[in-house]
Amino acid sequence: QGDAVGWRVRSVVPPGNPCVLLVGYQRPVLLNLAMFGITGTLCVEHVVSIIQPTRPEALCRTQSSALFGGFAFPATLRGMSIMAQALTLDTAALQWHVSTACTTAF
């Protein structure tokens, strides 16, 4: 009680670029994004998408980050797991960067 869940996404895109966090469940079949011209695999069957701009990463000047949360989740999720995965867009290069997926167990 009182805890909240949050995620930090680090990326090589310059600060100010958009970051999309997908939150949901593991996809029954992983989706290779190469058919869309994106290097990476989509692991999340997203239920919620949250978008915000990246900010400069204080510890590493070649990275930016986006913070999502903390979000309160209902107690009914106890014993369940959800996944999160991020996509950041380098608007200058018109290139998407796909993060690894993260599993959060309640």
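Biologist: What makes the contact between the side chains of Arg8 and Glu57 a salt bridge?

Modeller: A salt bridge needs a side-chain nitrogen of Lys or Arg within 4 Å of a carboxyl oxygen of Asp or Glu. The N to O distance between Arg8 and Glu57 is 3.6 Å, so the pair meets that rule. This is a predicted model, where local features need pLDDT of at least 70, side-chain atom pairs count only at pLDDT 80 or more, and totals for chains, interfaces and linings use all residues. Side-chain values use heavy atoms, with hydrogens and water left out, and residues are numbered from 1 along each chain as its sequence is written.

Biologist: Why is the pair of Arg8 and Glu57 said to tie together parts that are apart in sequence?

Modeller: Arg8 lies in strand S1 (residues 5-11) and Glu57 in the loop between strand S4 (55-56) and strand S5 (64-71), so the parts they join are 49 residues apart in sequence. Strands here are DSSP runs (E, at least two residues), numbered from the N terminus.

Biologist: Why does Glu57 count as buried?

Modeller: Buried means under 20% relative accessible area, exposed over 50%, and partly exposed in between (1.4 Å probe, protein chains only). Glu57 has 7% relative accessibility, so Glu57 is buried.

Biologist: Which residues are linked with Glu57 in a network of salt bridges?

Modeller: Arg8 and Arg10 are linked with Glu57 in that network. The side chains of Arg10 and Glu57 meet at 3.4 Å, N to O. Arg10, with 44% relative accessibility, counts as partly exposed.

Biologist: What makes Glu45 and Arg27 a salt bridge?

Modeller: Their closest N and O atoms are 3.4 Å apart. This pair links distant parts of the chain, with Glu45 in strand S3 (residues 41-53) and Arg27 in strand S2 (residues 18-32), 18 residues apart. By the rule, the count comes to 3 salt bridges.

Biologist: How many aromatic pairs are there by the ring rule?

Modeller: The count is 2. Rings of Phe, Tyr and Trp (its six-membered ring) pair if their centres lie within 6.5 Å; planes under 30 degrees apart are stacked, over 60 edge-to-face, and the rest tilted.

Biologist: Why is the pair of Trp7 and Phe71 called tilted?

Modeller: The ring centres of Trp7 and Phe71 are 6.5 Å apart and the planes stand at 40 degrees, so the pair is tilted. Trp7 is in strand S1 and Phe71 in strand S5, 64 residues apart. Trp7 is buried, at 9% relative accessible area, whereas Phe71 is partly exposed, at 29%.

Key. Helix = DSSP H or I, 4+ residues; strand = E, 2+ residues; numbered from the N terminus.
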